Amino acid sequence: MIPWLEKDTPFPNVNTALTEKQGAPGLLAAGADLSPERLLDAYRHGIFPWFSEGQPILWWSTDPRMVLQLDDFKVSDSLQRVLKKIQKDPRWEIRFDSAFEQVMRACAAPRRDGAGTWISEDIVAGYCALHRAGFAHSSEVWLDGELVGGAYGVCIGHMFYGESMFARVSNASKVALSHLVFFLREHGVKMIDCQQETSHLASLGARPIPRSDFLSWIQVATAMPAISTWQPLVEPNFK
């Protein structure tokens, strides 16, 4: 059994999360709310919400944890060509934080396989509140004035927690992630939390690490000064 959280109930120790043998590896608790205060407390302790429409709020802390060390980010030759082409073409534009809610809703839209996503209206409201508070950010790819790709997540101090990406044209999500990585690396951020292990993330350089190592790092990174200005780099290093 996992504990039920009331509004003022603190999170349990992440070491009490369910294991693979218990059928839901990483599931820690249910309930509470998605207020900015609760979400920030969760992220500072290596916890994130993940649940489907109609379910109670479910809180997770996976072990191992999938992370992208920014020095390990892989920019393939083909992606480098795309990035350089976009940089020279005035029809394309990279922006940060100009359409945060649009990015979230695009990430929530059904995918090509017809499946919906876990990004419910409650999630949208919670993270938009975090965005207004200065903790949630979007990286956006625009073509001829239309939003065609993006990524969003939460940044506390020097720790970025990736949430989701989308693409309406080929490679647009990778372009959004690339510019986010270049920006974060320039500002001294070392890691993006990817939460769940996937082959797509692994192809970009992400890898699983023990939860204990992840928790040790975020304790340091979240205590660092926040990035004050979010603007894409004018001339990023595409490597």
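Predicted model: local features only at pLDDT ≥ 70, side-chain atom pairs only at ≥ 80, totals over all residues.
Me: Which residue in the turn of the β8 and β9 hairpin has a positive phi?
Reply: Residues are numbered from 1 along each chain as its sequence is written, and side-chain values use heavy atoms, with hydrogens and water left out. Strands here are DSSP runs of E with at least two residues, and helices are runs of H or I with at least four, numbered from the N terminus. β8 and β9 form a hairpin with 2 residues between them, and the one in the turn with phi of about 60° is Gly157.

Me: How many bridges pair β8 with β9?
Reply: Two strands pair if DSSP finds at least two bridges between them. β8 covers residues 146-156, and its Tyr152 has Ser164 in β9 as bridge partner. The two strands run antiparallel, and the bridge count is 8.

Me: Is β9 mostly covered or mostly open, and how many of its residues are buried?
Reply: Buried means under 20% relative accessible area, exposed means over 50%, and partly exposed is in between, using a 1.4 Å probe and protein chains only. β9 spans residues 159-167 and is mostly covered. Out of its 9 residues, the buried ones number 7.

Me: Is Gln195 buried or exposed?
Reply: Gln195 is in strand β10. Its phi is near 70°, a positive value in a residue other than glycine. With a relative accessible area of 7%, Gln195 is buried.

Me: What is the angle at which α2 and α5 pack?
Reply: Axes are lines fitted to C-alpha atoms, for helices over the stretch in contact, and angles run from 0 to 180 degrees between N-to-C directions. The axes of α2 (residues 77-88) and α5 are 11 Å apart. α2 and α5 count as roughly perpendicular, a label for 65 to 115 degrees (under 35 is roughly parallel, over 145 roughly antiparallel, the rest oblique). The packing angle is about 80°.

Me: Which two residues does the cis peptide bond join?
Reply: Look at the loop between β4 (58-60) and β5 (65-69), where Pro64 lies. Omega is about 5° for the cis bond, and the residues joined are Asp63 and Pro64.
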